[in-house]
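The sequence and structure are shown first.

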Amino acid sequence: MYKIVESVGSGKTQKLIKYAKLTNCAVVCSNPRAMQQKAHAYGVSGVRFYSYEDLAYEPELLDDTPYVIDDLDKFIKLIIPNANNFVGFTMNKE
């Protein structure tokens, strides 16, 4: 699993979009149109973008397509009821 954990404004989104291009992944994000514009500004084309809602409520849109999620915290708050009480998580290193 590819993870990017850095501070605000450090270029996480740019790295994620470039990784998605390199690995032929789709990007799941809060605003696909804005992300397409960012990708264009970064000189990256050919990446598909889907919304959080697409993944949460219509996962068949992605079929077997590998994907990366931009801003996992926002996605979790969308899909978990009462996410304001969600205060932490564990993750495997691999």
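Asp71 is partly exposed, with a relative accessibility of 33%; the term covers values between buried (under 20% relative accessible area) and exposed (over 50%), with a 1.4 Å probe and protein chains only. The model is predicted: local features need pLDDT of at least 70, side-chain atom pairs count only at pLDDT 80 or more, and totals for chains, interfaces and linings use all residues. Residues are numbered from 1 along each chain as its sequence is written, and side-chain values use heavy atoms, without hydrogens and water.

The side chain of Asp71 forms a salt bridge with that of Lys74; such a bridge requires a side-chain nitrogen of Lys or Arg within 4 Å of a carboxyl oxygen of Asp or Glu. Two salt bridges are found in a search of the whole structure, and the table gives their distances.

| Salt bridge | N to O distance |
|---|---|
| Glu6 and Lys15 | 2.7 Å |
| Lys74 and Asp71 | 3.8 Å |

Lys74 is partly exposed at 46% relative accessibility. Glu6 is partly exposed, with a relative accessible area of 36%, and for Lys15 the value is 36%.

Ile79, Ile80, Phe86 and Phe89 make a nonpolar surface patch of about 350 Å². Patch members have over 30% relative accessible area and no salt bridge, and nonpolar side chains (Val, Leu, Ile, Met, Phe, Trp, Tyr) are joined within 5 Å, like charges within 9 Å. Ile79 counts as partly exposed because its relative accessibility is 40%. Ile79 belongs to helix 4 (residues 72-79), where a helix is a DSSP run of H or I with at least four residues, numbered from the N terminus.

Note on methods
Accessible areas come from the Shrake-Rupley method with a 1.4 Å probe; for residues, only the protein chains shown count as cover. Helices (H or I, at least four residues) and strands (E, at least two) are DSSP runs, numbered from the N terminus.
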